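Please read the following note with the sequence and the structure open beside you. The points are meant to be checked one at a time.

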Amino acid sequence: MLPADGHVHSQFSWDAPAGDMHATCARAVEIGLPALAFTEHVDLTRWNLHGQPLPERYRGQVDAHGAFLGNPLEVQAYLDEVERCRHDFPGLRIWSGLELSEPHWHPAAVADLVSATGAERLVGSVHALPDLHPDAAQGEHVETGNGYLQRPPVEVVRAYLAEVTALAASDAPFAVLAHVDYPLRTWPASAGPVPWDALEDDVRTALSALAASGRALELNTRRPLEGRVLRWWREAGGDAVAFGSDAHHPDALAHGFRDAAALAGACGFRPGATPFALWGRA
Ligand SMILES: [Zn+2]
Ligand SMILES: [Zn+2]
C-alpha cells in the first residue's frame, strides 16, 4: 500500500491555479492512495524581486518596493471544500493542513491561522533567504532560487540549511519539516554535481536539530531525496519519516512514492499502524 501523501496543494494555494481538490481526491481513489493532506500555502515573508520575473502561476501582490507576497488562504472556502470532499469520497482519509513558510518568523499570525483552520497536518518549510542585494534593507528576503543570483551555489544551500536549523530549534507549531533539499530544485547545472562532502556537516546539523525537536523529516518527492540524507537522519536520531509529493495539480499526487517508500525501507524505516501514521524505525 502507498504511504499517505502528507503534502498536497489545491486551488487554495496561491501558486497552484491548476490545483483541484476534488479531482485530486478522485485521483487518490483511482491510484489506491489511502490518505492525503491538503497542506495549503501560508506565506507571510515577502520576496524582493529585483526585476526577476514572477512565474505565470503565481497569484499575489507586488508592493511599492517591488516585493512579492502570495495571496492569503481563503480559510472558510478551503474548509468547505475539504468537507465536500470528505462527503464525496467517504473511503478516503482526508486531512486538512497547512504548509507554514518560515513560521518561526511570524508566530502570532501563524498561531491565528492554525487555530482558525484546525489544520491536522502542519508542515514547516523554509523558502526564503536573507537578501544580500546592496539595495536591500536588513530583514528583507529573496526566494531561495533567486539566492543563486547573490551567493555561490554551495553558500545558497548552507544558508538554507542554517535557517532550517533555526526553524527546527524553534517552538513553531509544525510536525513535519518539508523539503530539506529545496535549494537543490534550482541547483545550477553549470555548478556541476552537488558537493555533498562540503555540505555534510551543515545537513547533519539541521537533521540533529530536527531530531532533537521530536519532529519528522519529509521525503518530498518533487526531487528524489538523496539516500545519504535519509541515512544521516537515522544517525542523527531521527525516528519519524513522512511522505509528500508537494503536488500542485491532481496528476502529481503521490508521484515517486514507490521509490521513496523503498528508500525509506532500505534506510531502516517502516510503515506505521494506520495510513496517516508517520513511518518509524524498523
Ligand atoms: Zn514548500
Ligand atoms: Zn508545498
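1. Some conventions come first. This is a predicted model, in which local features need pLDDT of at least 70 and side-chain atom pairs count only at pLDDT 80 or more, while totals for chains, interfaces and linings use all residues. Residues are numbered from 1 along each chain as its sequence is written, chains are lettered from A and ligands numbered from 1 in the order in which they are written, and side-chain values use heavy atoms, with hydrogens and water left out.

2. The zinc ion (ligand 1) is coordinated by Glu99 through OE, and by His127 and His179 through NE2, at 2.1 Å. Donors here are N, O and S atoms within 2.8 Å of the metal (3.2 Å for Na, K and Ca), and water is not among the atoms, so sites may look incomplete. Along the sequence, the donor residues of this zinc ion (ligand 1) follow the spacing E-x27-H-x51-H. Because glutamate 99 lies in strand 6 (residues 93-101) and histidine 127 in the loop between strand 7 (121-125) and strand 8 (128-130), the pair ties together parts that are 28 residues apart in sequence. Helices (H or I, at least four residues) and strands (E, at least two) are DSSP runs, numbered from the N terminus.

3. Buried means under 20% relative accessible area, exposed over 50%, and partly exposed in between, with a 1.4 Å probe and protein chains only.

4. The zinc ion (ligand 2) is coordinated by His7 (NE2), His9 (NE2), Glu99 (OE) and Asp246 (OD), at 2.1 to 2.2 Å. The two zinc ions, ligand 2 and ligand 1, are 3.5 Å apart, and glutamate 99 coordinates both. Distant parts of the chain are linked by the pair of histidine 9, in the loop between strand 1 and helix 1, and aspartate 246, in the loop between strand 12 and helix 7, which are 237 residues apart. Histidine 9 counts as buried at 1% relative accessibility, and aspartate 246 is buried with a relative accessible area of 3%.

5. Which arrangement do the four donor atoms around the zinc ion (ligand 2) make? They subtend angles of 84 to 174°, which makes the arrangement irregular. Four donors count as tetrahedral if all angles lie between 85 and 135 degrees; four count as square planar and six as octahedral if opposite donors are over 155 degrees apart and all others between 65 and 115; anything else is irregular.

6. Strand 2 (residues 35-42) has eight of its eight residues buried, so it is largely enclosed by the rest of the structure. Two bridges join strand 1 (residues 5-8) to strand 2, and these strands run parallel, with aspartate 5 opposite leucine 36. Strand 2 also pairs with strand 6 in the parallel sense, over eight bridges, and there leucine 36 stands opposite isoleucine 94. Two strands pair if DSSP finds at least two bridges between them.

7. A separate point concerns an open sheet of three strands in the order 3-5-4, with antiparallel pairing. Its edge strands are strand 3 (47-48) and strand 4 (60-62), each of which pairs on one side only. Strand 4 and strand 5 (residues 67-70) pair over three bridges, and the bridge partner of valine 62 in strand 5 is phenylalanine 68.

8. In helix 6 (residues 227-235), the buried residues are Gly227, Val229, Leu230, Trp232 and Trp233. Their cover includes helix 5 (196-213), strand 11 (216-220), strand 12 (240-244), helix 7 (257-266) and strand 13 (269-270). Just after helix 6, glycine 237 takes a positive phi of about 100°.

9. The largest nonpolar core has 74 residues, and those with the most contacts inside it are Leu230, Trp233 and Phe243. A nonpolar core is a set of buried Ala, Val, Leu, Ile, Met, Phe, Trp, Tyr and Cys residues joined through side-chain atoms within 4.5 Å. The largest share of this core, nine residues, comes from helix 4 (residues 153-169). Apart from it lies another core, of six residues, among them Trp14, Trp47, Tyr58 and Phe68.

Definitions and conventions
Contact means heavy atoms within 4.5 Å.
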